[in-house]
Amino acid sequence: MLQAPAGAGPRPGVDRLLVIAVAALLVIGTLAVWSATSGRDDLTGGDPTLYLKKQLMNIAIGTVLGVLVLATDYRWVRLLAPLVYVASVVGLALVLAIGTTINGSRSWLFVAGMSLQPAEFAKLAVIVAMALFVAERSENAWRRRVGPIDVIGMLAIAALPAALILLQPDLGTMLVLAATVAGVLTIAGASRRWLFGLAGAAVLAAVVAVQVGFLADYQVNRFLAFTDPTLDPRGAGYNTTQARIAIGNGGVFGQGLFQGSQTRSGFVPEQHTDFIFTVIGEELGLVGAGVVIALLAVLIWRALVIAVHAHDLFGRVTAAGIACWFGFQSFQNIGMCLGIMPVTGVPLPLVSSGGSSMFAGLMAVGLLLNIAHRSGQARVFGSEATRWTATPSGRGVLVRS
């Protein structure tokens, strides 16, 4: 049976490094959001602390949700996974029926005075549902490898939310979801033939989408501006151009918090959400931007460590899927601010302003902590201590010591 080396992996209790990294990202993000909005009367209506209060409220609600996920018995996490998936699909369907269109995408629902973006929750729901599917099949059949039926089943789980997201259309979220699904398939053990075949199919689908006019003009123009920002510097290339100027202004140590010239002037569109990294780059400089990237790297590293030491296949695939989600979305967001990725409108996890993104991100962190806690815990029944260990199939079993 497979067992983690002594002294390695998560310990009983809370993964402190993960919590510290998340807390630091929340603090830096809150300050950056406040700086990006405090001088924007068009956004705040004259209240410079409006978005600060919103961000703090979002963090508070997200923290409660994350703690609830952490405190939920692990068996209930698995039992509730199908319900979470169904709820996310219903939310995506409601968006298409009664949702609100913002920036060309019909992605938001207004509930009790709060705007929600179901696509953010769908990322976590798809990860958990795919992990549950492959875990149930592998554990019941006691198999080592993931077969074609498993891959097709996992793809079918992801296909419905993906189709609904495309209909909004929300290309940025779709790219993140596609990368996350690819990561989950890889971790679950899909063969290279499947992975290369799916990659080829994705490229072909992208070419066909452009050729038949499936993408909106502004989406095509964003990709063209990515290849050459000077093509339309006042139109599609404006965001990228201004983002580069803002980050370049920061130098090594930045212009100082609340002192960024581009930020104070409001030249960068959507700077408190999709382009929050430009605030950090301009006001905290290369050092501050490097700290944020390092904190995100720690978050992803801890998620992967939790995945490696998880004592069942569901926990392993879920933790690794969350790492893929955070990793690709962070790369996409920072990359579009630096001009090395096209502008697709995705938030920086745990940093950008936005309730849905914050709620989903902190729930994912709570789930990571739940998996880590379960993997490191020891149970005592009478005088005999027991520990969880993993079989080659990934199924957790109790071993008496």
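1. Buried means under 20% relative accessible area, exposed means over 50%, and partly exposed covers what falls in between, with a 1.4 Å probe and protein chains only. On that scale Trp194 is partly exposed, because its relative accessible area is 28%. Trp194 is found in helix 8, which spans residues 192–211, where helices (H or I, at least four residues) and strands (E, at least two) are DSSP runs numbered from the N terminus.

2. A word on the basis of this note: the model is predicted, local features need pLDDT of at least 70, side-chain atom pairs count only at pLDDT 80 or more, and totals for chains, interfaces and linings use all residues. Residues are numbered from 1 along each chain as its sequence is written, and side-chain values use heavy atoms, with hydrogens and water left out.

3. On the chain as a whole, the protein has 14 helices and 6 strands, and 48% of its 401 residues count as buried. Contact here means heavy atoms within 4.5 Å. Among contacts between residues at least 6 apart in sequence, 71% join residues at least 24 apart.

4. Returning to Trp194, its contacts, once neighbours within four places in sequence are left aside, are Pro148, Val151, Ile152 and Leu155. Trp194 and Gly147 are 47 residues apart in sequence, and their C-alpha atoms are 9.9 Å apart in space.

5. The largest nonpolar core has 91 residues, and those with the most contacts inside it are Met130 and Leu350; such a core is a set of buried Ala, Val, Leu, Ile, Met, Phe, Trp, Tyr and Cys residues joined through side-chain atoms within 4.5 Å. Leu350 sits in the loop between helix 13 (313–338) and helix 14 (355–376), and Leu350 counts as buried because its relative accessible area is 2%. Not counting residues up to four places away in sequence, Leu350 touches Val22, Leu25, Leu26, Leu299, Met358, Gly361, Leu362 and Val365. A colleague checking the backbone may note that phi of Leu350 is near 65°, a positive value in a residue other than glycine.

6. Helix 1 (residues 16–37) packs with helix 12 (residues 276–309) at an angle of about 155°, and their axes are 9 Å apart; axes are lines fitted to C-alpha atoms, for helices over the stretch in contact, and angles run from 0 to 180 degrees between N-to-C directions. That angle makes helix 1 roughly antiparallel to helix 12, given that angles under 35 degrees count as roughly parallel, over 145 as roughly antiparallel, 65 to 115 as roughly perpendicular and the rest as oblique. Helix 1 passes helix 12 in a left-handed crossing, a crossing being left-handed if the near helix is turned anticlockwise from the far one by less than a right angle, and right-handed if clockwise. By class, the contact of helix 1 with helix 12 has 21 nonpolar, 1 polar and 2 charged residues, where Ala, Val, Leu, Ile, Met, Phe, Trp, Tyr, Cys and Pro count as nonpolar, Asp, Glu, Lys and Arg as charged, and the others, Gly among them, as polar.

7. Arg302 lies in helix 12, and Arg302 is buried, with a relative accessible area of 11%. Its contacts, leaving aside neighbours within four places in sequence, are Asp15, Leu17 and Leu18.

8. Helix 1 also meets helix 3 (residues 50–71): their axes come within 8 Å and cross at roughly 155°, and helix 1 and helix 3 are therefore roughly antiparallel to each other. Helix 1 passes helix 3 in a right-handed crossing. The contact is made by Leu26, Gly29, Thr30, Val33, Trp34 and Thr37 of helix 1 together with Tyr51, Leu52, Gln55, Leu56 and Ile59 of helix 3, and its residues divide into 7 nonpolar, 4 polar and no charged.

9. Gln117 is placed in the loop between strand 3 (114–116) and helix 5 (118–141), and Gln117 counts as buried at 12% relative accessibility. With neighbours within four places in sequence left aside, Gln117 is in contact with Ser107, Trp108, Asp170 and Ser356.

10. Two further backbone features deserve a look. The peptide bond from Gln168 to Pro169 is cis, with omega near -15°, and Pro169 lies in the loop between helix 6 (148–166) and helix 7 (171–188). Glu270, in the loop between helix 11 (261–265) and helix 12, has a positive phi of about 50° although it is not a glycine; Glu270 is partly exposed, with a relative accessible area of 32%.
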